[in-house]
Amino acid sequence: MSNNIENHMAVLQKSLNLVNLRSIVQFYGKFPDKYRLKIWQLLLQIPRNRDVFKMLSIQGHHKAFLSLDQQYPVPSGVLRRAFHRTLSLLVNWSPLLAEVTFLPYLVFPFVKLFHSDLLVCFEMVATFLCNWCEDWCLFLPYPPINILNVAENVLAYHDKDLLLHYVRHGITGEVYIWPLLYTMFSEIMEKDQWLQLWDHIFSNPPCFLLYLSVALNIVERKRLSVLTHSDQIKDFFENENLYQVNAVIQKAYYIQQNTPPELTPKSIISADVLPLQKGSYLRIFNPKRSLSFQERS
């Protein structure tokens with residue numbers, strides 16, 4: 001199959017556009033390994049703003065990550081330096097990110113892939129944050145209740161029995177949805193599975209990520225429905241290797257196509273990906289904070 005994919009890519013190389021790229025992943029189920037990272041950059045329209053990136057770089061390491069090695073130890077010196085630099089770049093770009101406790105978990109999978117090109121690494125993460133994550137931070141330092149409520153409603157529509165099992169045992173979306181999102185699914189899948197999953201995430205509107213988290217629960221319902229404690233579910237989503245990635249992807253497409261409009265997350269999640277501007281980073285990650293959170297602060 002890989003030869004067929006590469007032949008298809010060779011034909012399209014001179015006229016690659018978003019429609020062609022999406023047709024490849026839909027037809028073959030994934031992008032070819034050889035072209036994947038370049039395709040992701042094309043899909044997100046990474047601008048490569050070298051001059052502005054240099055201005056962020058000279059601001060150096062941010063104090064928010066002085067104890068990062070205790071929170072998120074990385075054994076490799078090369079990866080550790082790239083990890084620290086990328087996190088500091090992000091906070092230099094958007095200071096609110098210093099308050100985002102899950103940021104290291106979200107950033108590290110990108111660092112592992114793009115550590116040799118920190119400009120691309122930074123712009124990939126920044127684009128992802130602006131398009132997928134602004135509503136994740138509405139209730140900082142707490143999980144995004146609004147997003148989790150949408151996921152719960154979608155799960156109720158497509159698998160009411162599984163949701164009732166969770167409700168019966170006091171298990172909330174904070175346990176069965178939120179860890180999947182902020183870890184980017186990276187803790188439950190092997191590398192090849194994870195890469196295939198992200199081929200589809202980057203080829204779809206941002207709400208597809210939420211559908212994937214619901215789909216994974218439904219596909220794994222047989223194993224999940226015998227777990228009755230939050231700690232068991234938490235361990236499941238931290239330690240299991242889930243090998244049904246194709247089933248999860250197909251279920252997510254089914255959910256995307258068959259969820260009633262009133263239950264979709266389109267009202268709180270971007271309908272389309274808006275790329276970073278060329279030549280500047282005027283758009284920063286700066287979500288509006290909820291009034292209730294501001295009052296508590």
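Trainee: Which helices do W40 and W194 sit in?

Mentor: W40 is in helix α3 and W194 is in helix α13, 154 residues apart, and the pair links distant parts of the chain. Helices here are DSSP runs (H or I, at least four residues), numbered from the N terminus.

Trainee: Before I go on, what kind of model is this?

Mentor: This is a predicted model: local features need pLDDT of at least 70, side-chain atom pairs count only at pLDDT 80 or more, and totals for chains, interfaces and linings use all residues. Residues are numbered from 1 along each chain as its sequence is written, and side-chain values use heavy atoms, with hydrogens and water left out.

Trainee: Thanks! Is W40 buried or exposed?

Mentor: W40 is buried, with a relative accessible area of 0%, and W194 is buried too, at 7%. Buried means under 20% relative accessible area, exposed over 50%, and partly exposed in between (1.4 Å probe, protein chains only).

Trainee: And why is the pair of Y72 and Y105 edge-to-face?

Mentor: Their ring centres are 5.1 Å apart and their planes are at 65°, so the pair counts as edge-to-face. Y72 lies in the loop between α5 (68-71) and α6 (77-93), while Y105 is in helix α7, so the pair ties together parts 33 residues apart in sequence. Y72 is buried at 15%, whereas Y105 is partly exposed at 24%.

Trainee: Switching to charges: how many salt bridges are there?

Mentor: The count comes to six salt bridges. The rule asks for a side-chain nitrogen of Lys or Arg within 4 Å of a carboxyl oxygen of Asp or Glu.

Trainee: What does R36 pair with?

Mentor: R36 forms a salt bridge with D199, with the closest N and O atoms 2.9 Å apart. R36 lies in helix α3 (residues 36-44) and D199 in helix α13, so the pair ties together parts that are 163 residues apart in sequence. R36 also meets D33 in a salt bridge, at 2.7 Å from N to O.

Trainee: Which of those residues are buried, and which are exposed?

Mentor: R36 is buried at 3% and D199 is buried at 0%, but D33 is exposed at 59%.

Trainee: Last topic, the nonpolar core. Which residues have the most contacts inside the largest one?

Mentor: Those are W93, F128 and W136, in a core of 107 residues. Helix α8 (residues 118-132) gives the most to this core, with 12 residues. A nonpolar core is a set of buried Ala, Val, Leu, Ile, Met, Phe, Trp, Tyr and Cys residues joined through side-chain atoms within 4.5 Å.

Trainee: What does W136 touch?

Mentor: Leaving out residues up to four places away in sequence, its contacts include F102, F128, P144 and W178.

Terms used
Helices (H or I, at least four residues) and strands (E, at least two) are DSSP runs, numbered from the N terminus. Contact means heavy atoms within 4.5 Å. Rings of Phe, Tyr and Trp (its six-membered ring) pair if their centres lie within 6.5 Å; planes under 30 degrees apart count as stacked, over 60 as edge-to-face and the rest as tilted.
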